[in-house]
4 protein chains.
Amino acid sequence: MPGTPPTRFVYLGPEGTFAEQALNSLPAAERGSRTPARSVPEALESVRAGEADAALVPLENSIGGAVGVTLDELAEGEPLVITREVILPVEFVLAARPGTALPHVRSVAAHPQASTQCRGWLRTHLPDAVVVDVLSNGAAAAGAAAGEYDAAICAPIGAGRHRLDVLADKIADHPDAVTRFALVSRPGPPPPPTGDDVTSLAVYIAHDRVGALLSVLMELAVRGVNMSRIESRPTGEALGRYVFFLDCAGHVADVRLGEALQGLRRVCADVRFLGSYPRQRFPGAGDRPIPAPAGLSDADYADAAAWLARLRAGDLN
Amino acid sequence: MPGTPPTRFVYLGPEGTFAEQALNSLPAAERGSRTPARSVPEALESVRAGEADAALVPLENSIGGAVGVTLDELAEGEPLVITREVILPVEFVLAARPGTALPHVRSVAAHPQASTQCRGWLRTHLPDAVVVDVLSNGAAAAGAAAGEYDAAICAPIGAGRHRLDVLADKIADHPDAVTRFALVSRPGPPPPPTGDDVTSLAVYIAHDRVGALLSVLMELAVRGVNMSRIESRPTGEALGRYVFFLDCAGHVADVRLGEALQGLRRVCADVRFLGSYPRQRFPGAGDRPIPAPAGLSDADYADAAAWLARLRAGDLN
Amino acid sequence: MPGTPPTRFVYLGPEGTFAEQALNSLPAAERGSRTPARSVPEALESVRAGEADAALVPLENSIGGAVGVTLDELAEGEPLVITREVILPVEFVLAARPGTALPHVRSVAAHPQASTQCRGWLRTHLPDAVVVDVLSNGAAAAGAAAGEYDAAICAPIGAGRHRLDVLADKIADHPDAVTRFALVSRPGPPPPPTGDDVTSLAVYIAHDRVGALLSVLMELAVRGVNMSRIESRPTGEALGRYVFFLDCAGHVADVRLGEALQGLRRVCADVRFLGSYPRQRFPGAGDRPIPAPAGLSDADYADAAAWLARLRAGDLN
Amino acid sequence: MPGTPPTRFVYLGPEGTFAEQALNSLPAAERGSRTPARSVPEALESVRAGEADAALVPLENSIGGAVGVTLDELAEGEPLVITREVILPVEFVLAARPGTALPHVRSVAAHPQASTQCRGWLRTHLPDAVVVDVLSNGAAAAGAAAGEYDAAICAPIGAGRHRLDVLADKIADHPDAVTRFALVSRPGPPPPPTGDDVTSLAVYIAHDRVGALLSVLMELAVRGVNMSRIESRPTGEALGRYVFFLDCAGHVADVRLGEALQGLRRVCADVRFLGSYPRQRFPGAGDRPIPAPAGLSDADYADAAAWLARLRAGDLN
């Protein structure tokens, strides 16, 4: 029911990965049920089908980029909206069964993206170990626990869940790497504006790339709406046909953003609204609110609206 | 009183010029008083002071360009608004006292702008005549009537008023030349939209010319608002400081134009509204309404507003 | 002959006006012949015909705006180029025959633009005097000298030439008003770049005003070329068809301006080059050179050209 | 040695995947050595180290989007250039050991991206089969050949190499899906222009997303350079910092593109040139050359350059 806080949560599984860790950081989730899903489509499908109230899925990673499957699932099918973002530092650990010493590690299980992010550390500390690709961080930890590999690259939560010892922590080459997750629900009134919000959109544009994308950016620029993110994804029709995923500063309830959204609706082939929600400021990420440019503050908007109302009434003083 | 039709008219004199002819074309003026003013500032001052209800003054000429003094007077002082435009073909005649034959014309009185517009005709038909500069078309006719000059270049109305014979008509080199006049009143609610209206503005921009003027044009372009005219005038402060006079297609009551006006208000140093009024289509001027670009019709605006209202209510279907 | 300094000068007459005063400020003119012309077209025609080497004509006035006839004459007919600008403070004086005292002045001869610029002074000091319109500042001085009027508003040079006493000087309401003149010659290689130059252009654009003018400004903005002036003039074809006169910072020999000029040539219906010449900085006019925006300095241009050359040669380091 | 055709090729392995199939379509590769690499970084590293002359790696897939690891590897480290693109239809087959009939298939090995692309077919034809994730299309075929799974989703070349029977071909849900590969070499002079070329770039922009990306697009739009692709990737520094990968129509040797490249160099934080190479037109992909906009053809460029040369020489006729 719209307005009712969610109590049944799903997240991208398996257990013991970053998605579970991110979900646990939400107070509401602590009091609800938390079920792992086999894939992002499965997680979102259970929300669409009403079997869950909200799904926590990854949106992007500061190293690996957008999580394409999440974007594609949000852009197609029954509409869903993001009501919350969770930004989590990526903290990889090297974990092994109790009693294993680092010099004895000969094989390391890792999801390819994880081993890529720890390449420097592996070269230095385990130059001779064989890295074996597995399908998730959770599978890596499980494999190490089962004795299939000497060690695993995984999330701290994965080490704990599989009763592994942490041989080394913070082994990622970029210590500031983060993953951004979205809490996704069925449509309903968005959370109220906080003054520091994000609005996510999927924007479809016509063929001529430069001109059409210029138009999109102008609709935003003219209203002083800043983008914190733009991702392009092929639409699945042919090479060279794209949908753009935009994160804009502001809330759908803001005058400024409302005007820009109407502009996008008019000039784009299609626009799908993916939610307005509070921006999570992440300490140390260097991501601070950007003040509105001159003439584009909320006060300027209010002044201009009042002026227009006077003009229309014939009052020019 | 706002809403009351004007009954006391002034116009740029003297009598017998194009301005009087333009005023006479207005049905309302036929029933009111019509007083010549010595200058545009004097005409507008009498409206500001409440001594007249409306003033008919020239705005621009298709040959000579903007009438600077009118623009300057509208841009400064107590606000006034244009409620009507009158476009008049420029039809110069060569007029002389009865009995004068063309071959005997040795001197021609003319306002410099009038003789400039008839240069080709004079070269062909009166190559040896001396052209004497006078201060108005009316003064030229008066001088010819008084016998100071053999003939005058003047408006048809001037020939009639001074009982001169027309030796040749339509002597202007550009047969399609027109003058555009404005009927100016004290502020009040604008005439209702007709679907083919003009909105006139005086727009002040900051120093960096390219960037600031680009911003103005983008505010219009993004809303699909077309300009039929742009004139720059120095502000009287220093060379290189300008006010721009814009005529935009549309009415202040239109959603599209209202949004653009608010944008201009925000990005410009100052914007003065000079009126919304029906466009006078002039047969043969090649000036037809331009349809709104794709995505910028009134229906597109209504659709986008309805969509935004649904989004804000949480209805995404 | 191109390259030969001009020796035969014409200027907009009559004698004793600001144009003569401006011409006298040029060292080269002191050694040459100086002939007044009856009108701007006549002055420019004598250069086109080879009867004079250069003409000094007014371009714009900080109060009255562009001098339309000069712009029109430059934009049409055989090409001419501006090789020099002269900026002159507008210093009006009230002059009268020796022996006249201010309290006895009952009639003042003045060109309408001159009396407009001195309106405030006249209201304060001669509230009861009759102002009589005449056709030039020189004619005003001549009329006062002939005893037709008690006094004249004219240029200092006009008072001297007609042996009038100056009853009051600097009587213009805007003490910083200036007039800008151009020295115009037949085409030839432009004067060498000085690092602080102006390039004047007449640019014809197609019908859709907003889009076409946006294109023009983008060609300039993308190359960091600033405009110090933009004037629109009707083309004489119909209302709503314009030519724009632009003054751009830079010299036709500059890489940056050359690239922008080529861009204008491609996107405009027509572009007429009106000359590159040193900017005259006028003390107190608040008009200082504007530094190139980030990334658009000459050094940035040179760096980018060298980089492109390396790319084309296959050198990517 | 620059200019020498490559003879030692690497490709993204394992054997029997689309990359090998794409490499085999190049005549030059048939005569050279062809070695599979374990990963894209390994393939490119062997080119950088001089152990191979060229690497064939995937750039993007019309369903799955950009191949992030390839873009990242091209954007960082020692420069490499694309000299050729290969576009291959994605034709998945269901393959099994000889003698297996479709109704008996209970388990299907597939790379997750492959099973995603065949979801519809699987739902219809094998609703009860278990899909097992494996790490590559080649591994799926190998697993089926080894009897670990009843069948595999793989490329036609993979079925052949592992002596599997094709139970069903063209099972992908999007029959027009294609993958685009790049042939990558050490820097050298680019292949000569063909008139239908692509230039790939990695463009780094500063923080303010809307304004900076607008600048990039304007540099292209003003020169009439069209984009066929834009991808954003995080730079690995923090969320919200991006590098954009652009494919532009044209060749670095073209005047138009050269001017745009210089503009990007000036306004962007950094630009990395990734190669100019012939565009491969793919039948049925609906991807035809887009003619240059009015005023931006090569002839227009040549005309403008000649005009500027005349202006600089003082020739205005």
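Two strands pair if DSSP finds at least two bridges between them. This rule will be needed at several stops of the tour, which is made through a predicted model.

**Stop 1: chain A as a whole**

Select chain A. Its 317 residues include 53% that count as buried. Along the principal axes, the C-alpha atoms of the chain fill a box of roughly 85 × 40 × 40 Å. Colouring by secondary structure shows eleven helices and 15 strands in chain A. Among the contacts in chain A with a separation of 6 or more, 74% are between residues 24 or more positions apart.

**Stop 2: the domains of chain A**

Next, colour chain A by domain. The assignment gives domain 1 (1-89 + 178-188), domain 2 (93-169) and domain 3 (190-317). The C-alpha centres of domain 1 and domain 2 of chain A are 26 Å apart. Where these two domains of chain A meet, ten residues of domain 1 are in contact with eleven residues of domain 2. The side of domain 1 of chain A that touches domain 2 consists of three nonpolar, five polar and two charged residues.

**Stop 3**

Now select Ala152 in chains A, B, C and D. The largest nonpolar core has 420 residues, and Ala152(A), Ala152(B), Ala152(C) and Ala152(D) touch the most other members. In soluble globular proteins, nonpolar side chains tend to be buried together.

Which residues are in contact with Ala152(A), leaving aside its neighbours within four places in sequence? They are Ala95(A), Val108(A), Ala109(A), Ala110(A), Ala140(A), Ala141(A), Gly143(A), Ala144(A) and Leu164(A).

Move on to Arg97(A), which belongs to the loop between strand 6 (93-96) and strand 7 (107-110) of chain A. Arg97(A) counts as partly exposed because it has 17 C-beta neighbours inside 10 Å. Apart from neighbours within four places in sequence, the contacts of Arg97(A) are Ala144(A), Ala145(A) and Leu164(A). For a distance to draw in the viewer, take Arg97(A) and Asp176(A): they are 79 residues apart in sequence, and their C-alpha atoms are 28 Å apart in space.

**Stop 4: the five-stranded sheet of chain C**

Turn to chain C and display its strands. Five of them form an open sheet in the order 8-7-9-6-10, with mixed pairing. Strand 8 (130-133) and strand 10 (165-169) of chain C are at the edges; each has a single partner strand, so one side of each has no neighbour in the sheet. From one strand to the next, the twist averages 30 degrees.

How many bridges join strand 6 (residues 93-96) of chain C to strand 10 of chain C? There are four, and the two strands run antiparallel. Within this pair, Leu94(C) has Ala168(C) in strand 10 as its bridge partner.

**Stop 5**

Select Arg163(C), in the loop between helix 8 (156-161) and strand 10 of chain C. Its phi is near 55 degrees, a positive value in a residue other than glycine. Most residues other than glycine have a negative phi. Is Arg163(C) buried or exposed? Arg163(C) is exposed, because 11 other C-beta atoms lie within 10 Å.

Then select Lys170(C), in the loop between strand 10 and strand 11 (178-185) of chain C. Lys170(C) is not a glycine, yet its phi is positive, at about 50 degrees. Lys170(C) is exposed, because 12 other C-beta atoms lie within 10 Å.

**Stop 6: the four-stranded sheet of chain C**

Remain in chain C and find the open sheet of four strands in the order 13-14-12-15, with antiparallel pairing. Strand 13 (227-234) and strand 15 (270-278) of chain C are the edge strands, each with a single partner strand, so one side of each is left without a neighbour in the sheet. On average, neighbouring strands here are turned by 15 degrees against each other, direction ignored.

Seven bridges join strand 13 of chain C to strand 14 (residues 242-249) of chain C, and the two run antiparallel. Arg229(C) has Asp247(C) in strand 14 as its bridge partner. Helix 4 (residues 68-75) of chain C lies across strand 12 (197-204), strand 13, strand 14 and strand 15 of chain C, at about 85 degrees to strand 13.

**Stop 7**

Finally, display the chains together. Chain A and chain C do not touch, and their nearest C-alpha atoms are 13 Å apart. Chain B and chain D are joined by no contact, with their closest C-alpha atoms 13 Å apart.

How values were computed:
Residues are numbered from 1 along each chain as its sequence is written. Chains are lettered from A and ligands numbered from 1 in the order in which they are written. This is a predicted model: local features need pLDDT of at least 70, side-chain atom pairs count only at pLDDT 80 or more; totals for chains, interfaces and linings use all residues. Domain bounds come from an automatic or database domain assignment. Two residues are in contact if their C-beta atoms, placed from the backbone, lie within 7 Å. Ala, Val, Leu, Ile, Met, Phe, Trp, Tyr, Cys and Pro count as nonpolar, Asp, Glu, Lys and Arg as charged, and the others, Gly among them, as polar. Axes are lines fitted to C-alpha atoms, for helices over the stretch in contact, and angles run from 0 to 180 degrees between N-to-C directions. A nonpolar core is a set of buried Ala, Val, Leu, Ile, Met, Phe, Trp, Tyr and Cys residues joined through C-beta atoms within 7 Å. A residue is buried if 20 or more other C-beta atoms lie within 10 Å of its own, exposed if 12 or fewer, and partly exposed in between; C-beta atoms are placed from the backbone.
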